[in-house]
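Dear colleague,

Please find the structure below, together with its sequence.

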Amino acid sequence: MKCPLCEQEFLATYTIREVFFGRSPYPLCVACRESFVKKSDPACPNCAKSGETGTCADCKRWKLEYPNRHFDHHALFEYNDAMHLYFSRYKFFGELHLSHAFKQELLLALKHEKALLIPIPISRTTLRRRGFNQVEELLKSSGLPYIHALRKKETPRAQSELTRKERMTAPNPFFLLEECGSKLADRHLLLIDDVYTTGRTLNHARDILETAHPASIRTFSLAR
Ligand SMILES: [Zn+2]
Ligand SMILES: [Zn+2]
């Protein structure tokens with residue numbers, strides 16, 4: 001089997017469960033797999049930022065902006081150098097086959113999830129350039145169902161080109177898909193993003209979803 005990240009051949013290992021359920025083996029070689037670091041405690045209880053023993057400074061600022069919002073973010077991996085390299089290939093070089101790299105972890109984390117999964121959308125321009133929505137493809141690779149509830153307006157510059165200050169003051173780029181409004185009322189929602197950086201994107205998306213009166217909204221990202 002060939003590792004999609006380093007392109008080295010490696011011997012696939014099957015766990016009992018994978019054999020029993022006829023699932024595909026873990027997609028990455030051991031070296032690539034070990035270059036990613038799973039989230040561990042201590043971490044901010046609100047945004048999963050590592051090394052924090054209580055609410056972090058960022059979340060204290062969010063609580064000032066949104067005093068009635070319950071912040072409950074879950075992230076699977078640290079955004080380390082390996083993750084940075086992964087996303088530059090997956091998102092910026094459009095290597096779609098890399099959407100499978102974390103399918104086992106995502107499936108394990110979300111298969112018993114009762115909330116509706118809502119991926120963060122990308123703009124039409126980004127979709128045309130990249131060819132796919134990276135968050136949706138991560139969910140698809142794990143076979144996890146999700147719904148389209150949000151759209152993203154065209155913005156003059158991509159998030160990744162903005163400074164931290166510009167990101168924090170950017171206007172809300174999202175809007176609700178009209179046909180979705182009634183489907184979300186009184187439902188539990190889980191907003192999914194690829195990377196949590198400042199929390200600005202997820203909080204903007206929450207602003208829009210709240211107008212549909214869901215029972216609750218939590219947030220999730222592959223990396224933080
Ligand atoms: Zn590898
Ligand atoms: Zn925090």
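Leaving aside its neighbours within four places in sequence, isoleucine 192 is in contact with Leu117, Ile118, Pro119, Ile120, Val135, Leu139 and Phe220. Please keep in mind throughout that this is a predicted model, and that what follows describes its coordinates.

Isoleucine 192 also belongs to the largest nonpolar core, a group of 40 residues in which Ile118, Leu189, Leu191 and Ile192 have the most contacts. At least two residues of this core are supplied by each of α4 (81–92), α5 (103–110), α7 (134–141), β5 (188–195), α10 (200–210) and β6 (216–223), and the largest share, 5 residues, comes from β5. In β5, 7 of the 8 residues are buried, so the strand is largely enclosed by the rest of the structure.

The sheet

β5 takes part in an open sheet of 4 strands, which pair in parallel and follow the order β1-β6-β5-β2. The edges are held by β1 (73–77) and β2, each of which has a single partner strand, so one side of each is left without a neighbour in the sheet. From one strand to the next, the twist averages 25°. On one side β5 is joined to β6 by 7 bridges, the two running parallel; within this pairing histidine 188 has serine 216 of β6 as its bridge partner, and aspartate 193 stands opposite serine 221. β2 and β5 pair over 4 bridges, again in the parallel sense, and isoleucine 118 stands opposite leucine 191 of β5, both of these residues being among those with the most contacts inside the core.

α7 touches β2, β5 and β6, and its direction makes about 110° with that of β5, whereas α10 touches β5 and β6, with a direction that makes about 155° with that of β5.

Just after the helix, glycine 143 takes a positive phi of about 70°.

In α5, the buried residues are Lys103, Leu106 and Leu110. Seen down the helix axis, they fall within an arc of 65°, so they line one face of α5. An α-helix has 3.6 residues a turn, so residues three or four places apart point the same way. What covers the buried residues of α5 includes β2 (116–119) and α7.

Alanine 43 lies in the loop between α2 (30–35) and α3 (57–65), and its C-alpha atom is separated by 7.3 Å from that of glycine 54, which is 11 residues away along the chain. Alanine 43 has 19 other C-beta atoms within 10 Å, so it counts as partly exposed.

Arginine 130 is found in helix α6 (residues 124–130) and is likewise partly exposed, with 17 other C-beta atoms within 10 Å. Beyond its neighbours within four places in sequence, arginine 130 is in contact with Lys91 and Gly94. Phenylalanine 93, 37 residues apart from arginine 130 in sequence, is 7.7 Å apart from it in space, C-alpha to C-alpha.

The chain as a whole

The secondary structure of the protein chain comes to 10 helices and 6 strands, and its C-alpha trace spans about 50 × 40 × 35 Å along the principal axes. For 224 residues a compact globule would have a radius of gyration near 17 Å, and the 18 Å of this chain agrees with that. Of the 224 residues, 28% count as buried. Among contacts with a separation of 6 or more, 73% are accounted for by residues 24 or more positions apart.

With best regards

Technical notes:
Residues are numbered from 1 along each chain as its sequence is written. Chains are lettered from A and ligands numbered from 1 in the order in which they are written. This is a predicted model: local features need pLDDT of at least 70, side-chain atom pairs count only at pLDDT 80 or more; totals for chains, interfaces and linings use all residues. A nonpolar core is a set of buried Ala, Val, Leu, Ile, Met, Phe, Trp, Tyr and Cys residues joined through C-beta atoms within 7 Å. A residue is buried if 20 or more other C-beta atoms lie within 10 Å of its own, exposed if 12 or fewer, and partly exposed in between; C-beta atoms are placed from the backbone. Two residues are in contact if their C-beta atoms, placed from the backbone, lie within 7 Å. The arc is that of the directions from the helix axis to the C-beta atoms. The radius of gyration is taken over C-alpha atoms; the globule rule is 2.2 Å times the number of residues to the power 0.38. Two strands pair if DSSP finds at least two bridges between them. Axes are lines fitted to C-alpha atoms, for helices over the stretch in contact, and angles run from 0 to 180 degrees between N-to-C directions.
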